[in-house]
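Good morning, and thank you for making time for this item.

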Amino acid sequence: MPKICTARLVTAACGLVLAAAAHADASTKDREFLTQAATSGLYEVQAGKLAQNRATANEVKSFGAMLVKDHTAANDELRALAARKGVALPTTLPGDKQKQLDQLAKAQKFDQEFLSQVGLNDHRHDIALFEAAGKDADDPEIQTFALKALPKLKAHKDHAEDLAVSIKR
């Protein structure tokens, strides 16, 4: 009986070691990317919801809906990736981003401000962040995630540029 218990303990210990290896910690650089990407994704979803409610132009409302849909999907994928890497992601916006969102909600010319701030500025920042991770992330899975997300981010920025021109007319 003691031999069976010892064998089970050894088997269980090996399983724990393998499980811990599967959840290897990400490098500091990769953790920072995952955290920044999560914050940006949360912001994009909340800003998109705001646009669906506050925008006056139907095209801007539709753009907001697209941001909610696309960034929610990307956020889900990012959360799964971070969990595999042992990284806890933020679930709420940091103070500066919440303040930015609150100010956007009060904008007199919401459509123009939303397109400028969220559609253009934030997406330019995100594109630079994801391009850097696509080149420099230590973890190949994180690199792949970043590179896979880039076309959507660029399409969002391009769409915002087109809308900004059409809204000004």
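How many aromatic pairs does the structure hold? There are 4 aromatic pairs, where rings of Phe, Tyr and Trp (its six-membered ring) pair if their centres lie within 6.5 Å, and planes under 30 degrees apart count as stacked, over 60 as edge-to-face and the rest as tilted.

Before the details, a word on the source. This is a predicted model, in which local features need pLDDT of at least 70 and side-chain atom pairs count only at pLDDT 80 or more, while totals for chains, interfaces and linings use all residues. Residues are numbered from 1 along each chain as its sequence is written, and side-chain values use heavy atoms, with hydrogens and water left out.

In outline, the protein has 6 helices and 0 strands, helices being DSSP runs of H or I with at least four residues and strands runs of E with at least two, numbered from the N terminus. The order of elements from the N terminus is α-α-α-α-α-α. Of the 169 residues, 40% are buried, meaning under 20% relative accessible area, with exposed over 50% and partly exposed in between, for a 1.4 Å probe and protein chains only. Taking contacts (heavy atoms within 4.5 Å) between residues at least 6 apart in sequence, 77% join residues at least 24 apart.

Let me return to the aromatic pairs, of which there are 4. Phe-63 and Phe-114 form an edge-to-face pair, because their ring centres are 6.0 Å apart and their planes stand at 70°. Since Phe-63 belongs to helix H3 and Phe-114 to helix H5 (residues 110-136), this pair ties together parts that are 51 residues apart in sequence. Both Phe-63 and Phe-114 are buried. Phe-114 also pairs with Phe-110: the centres are 5.7 Å apart and the planes at 15°, so this pair is stacked. Phe-110 and Phe-114 both sit in H5, 4 residues apart, about one turn of the helix. Phe-110, like Phe-114, is buried. Elsewhere, Phe-33, Phe-130 and Phe-145 make up one aromatic cluster.

Now to helix packing. Two packed helices are described by the angle between their axes and the distance between the axes. For helix H2 (residues 28-54) and helix H3 (residues 58-84), the axes come within 8 Å and cross at roughly 155°. H2 is therefore roughly antiparallel to H3. Axes here are lines fitted to C-alpha atoms, for helices over the stretch in contact, with angles from 0 to 180 degrees between N-to-C directions; under 35 degrees counts as roughly parallel, over 145 as roughly antiparallel, 65 to 115 as roughly perpendicular and the rest as oblique.

Which residues meet? Among them are Gly-41, Glu-44 and Val-45 in H2, and Val-68, His-71 and Thr-72 in H3.

Is His-71 buried or exposed? His-71 is buried, because its relative accessibility is 6%. Beyond its neighbours within four places in sequence, His-71 contacts Gly-41, Glu-44, Val-45, His-123, Leu-153 and His-156.

Finally, consider Ala-57, in the loop between H2 and H3. With a relative accessible area of 15%, Ala-57 is buried. Ala-57 and Asp-111 lie 54 residues apart in sequence, yet 7.1 Å apart in space, C-alpha to C-alpha.
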